Amino acid sequence: MTDSTSPTSVVRLRTTLDNVPGYVPGKPAAQRADLTTYKISSNENPYPPLPSVIKAVQEAALEINRYPDMGVVALREALAQRFGVGVDEVATGTGSVGLLGQLLQITCEPGDEVVYAWRSFEAYPIVIALAGANGVAVPLDSDSRHDLTAMADAITDRTRLVVVCTPNNPTGPVVHADELDAFLDRVPDDVVVVIDEAYLEFGRDHRAPDALATYRARQNVVVLRTFSKAYGLAGLRVGYAIAHEPVAAALRKAATPFGVSDIAQRAAIASLEAYDELAVRVDALVTERDRLLTGLRQLGYAVPDTQANFVWLPLGDRTPAFAAAAEEAGLVVRPFATDGVRCSIGEVEATDRLLQVAADFIKR
């Protein structure tokens with residue numbers, strides 16, 4: 001009989017797990033008596049839900065004893081109408097990262113390869129490894145941007161999926177339309193290219209691609225988007241993919257049954273209907289982002305361009321020290337090893353304090 005007090009498990013787990021990094025979420029801001037603290041570590045929208053969205057959530061909550069619509073038809077219809085695609089070209093999931101996991105399930109056999117830029121969204125190597133695929137991480141260029149030429153060079157006959165994150169999380173720049181077209185011309189037609197646009201709504205760079213136009217012109221392109229960021233529904237976990245019908249159908253087949261709750265679906269639809277109101281908030285966050293970006297550069301920080309709701313400080317070995325200084329001042333930022341610090345755009349007061357932390361830090 002096995003000793004139940006023994007810390008050694010006899011259960012056999014996948015050896016793949018030995019090489020899967022754990023996802024590191026942004027820390028919450030600890031409450032302090034001496035000052036207001038701010039969490040600017042998770043790229044969350046600092047605004048509360050709109051009244052119309054809250055009403056939709058409250059109404060949906062009265063029916064949580066029932067399963068949601070597994071097909072998420074109402075939301076798919078709303079998205080199809082908004083973006084001028086067919087309902088059968090839309091798939092939904094538990095955030096865009098949930099959909100990426102589904103994409104890996106429908107494209108990759110064990111040992112197949114997935115090409116992505118690095119540093120980029122830290123969930124990429126996790127979901128790739130869990131799918132049994134081999135991740136091929138291609139370093140960003142000196143401007144913290146995707147090196148699409150190098151990514152095309154990295155494609156082999158084992159490549160099944162390529163991920164392009166634009167704007168790139170955590171560094172902020174977008175890929176440009178001409179660069180993307182030249183890249184796609186080099187990608188084999190049977191390799192799926194995912195354009196991950198989680199931060200699309202914050203972009204103001206006219207050189208950015210029209211991902212839906214690219215999708216319409218290329219049979220192997222899938223567009224991923226989310227309601228977590230600009231729409232402020234991070235806690236409800238709902239995202240969507242726009243894909244050509246065979247891929248979209250496979251995505252729906254691979255979805256966790258009833259993964260998108262009725263509350264999430266109704267809140268997403270209400271958010272789409274109220275987007276003009278949400279756009280005012282997005283514009284305010286873009287203004288605050290640009291103020292922070294300008295202020296950091298005036299202090300002497302080499303901050304890359306950002307088209308998202310965050311800025312990136314490539315601090316190298318000084319990363320932990322800056323994160324500690326920010327935390328001491330009541331700000332929780334997101335450090336990435338010894339690469340840099342990502343700071344989300346939050347309240348005006350948070351921006352003011354971050355600029356003061358940055359000024360004090362550079363004086364040291």
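Buried means under 20% relative accessible area. The views below come from a predicted model.

**View 1. L313, a buried residue of strand β9**.
Strand β9 spans residues 310–313, and L313 is part of this strand. Is L313 buried or exposed? Its relative accessible area is 1%, so L313 counts as buried. T171 is 142 residues from L313 in sequence. In space, the C-alpha atoms of L313 and T171 are 8.1 Å apart.

**View 2. Domain 1 and domain 2**.
The protein is divided into two parts: domain 1 (25–48 + 275–363) and domain 2 (51–273). A distance of 25 Å separates the C-alpha centres of domain 1 and domain 2. How many residues of domain 1 are in contact with domain 2? On the domain 1 side there are 23, in contact with 26 residues of domain 2.

**View 3. The largest pocket, between domain 1 and domain 2**.
The largest pocket holds about 530 Å³ of space. Its lining has 30 residues, and the closest to the pocket centre are Y23, S42, F121, Y199 and K229. Why does the largest pocket lie between domain 1 and domain 2? Both domains give residues to its lining, so the pocket lies between them. Helix α3 (95–107) and strand β11 (334–336) each supply at least two lining residues. The largest share, 3 residues, comes from α3. By type, the lining of the largest pocket divides into 12 nonpolar, 10 polar and 8 charged residues.

**View 4. The second largest pocket**.
The volume of the second largest pocket is about 230 Å³. Of its 18 lining residues, M70, T92, R252, A255 and T256 are the closest to its centre. Which elements give two or more residues to this lining? They are β2 (90–93), α3 and α8 (245–254). Strand β2 gives the largest share, 3 residues. The lining of the second largest pocket is made up of 8 nonpolar, 8 polar and 2 charged residues.

**View 5. The largest cavity**.
The count of cavities of 30 Å³ or more comes to 1. The largest cavity has a volume of about 70 Å³. It is lined by 13 residues, with P48, P49, Y231, L278 and R281 the closest to its centre. Domain 1 and domain 2 each contribute at least three residues to the lining of the largest cavity. That lining divides into 9 nonpolar, 3 polar and 1 charged.

**View 6. Helix α9, largely enclosed by the rest of the structure**.
Helix α9 covers residues 262–273, 12 residues in total. From first C-alpha to last, α9 reaches 17 Å. That is close to the 16 Å expected at 1.5 Å a residue. Why is α9 described as largely enclosed by the rest of the structure? Of its 12 residues, 9 are buried, so the rest of the structure largely encloses this helix. The buried residues of α9 are I263, A264, Q265, A267, A268, I269, A270, S271 and L272. Among the elements that cover these buried residues are α1 (51–61), α2 (73–83) and α10 (275–299).

Conventions. Residues numbered from 1 in each chain as written. Predicted model: local features only at pLDDT ≥ 70, side-chain atom pairs only at ≥ 80, totals over all residues. Heavy atoms only, no water. 1 Å grid on protein atoms, 1.4 Å probe; cavity = no way out; pocket = protein on both sides within 12 Å on 5 of 7 lines; lining within 4 Å. Points joined across faces, edges and corners; volume = space filled by probe spheres on them. Helix = DSSP H or I, 4+ residues; strand = E, 2+ residues; numbered from the N terminus. Nonpolar A, V, L, I, M, F, W, Y, C, P; charged D, E, K, R; others polar. Domains from an automatic or database assignment. Expected span 1.5 Å × (residues − 1). Buried < 20%, exposed > 50% of the residue type's maximum accessible area, 1.4 Å probe, protein only. Contact = heavy atoms within 4.5 Å.
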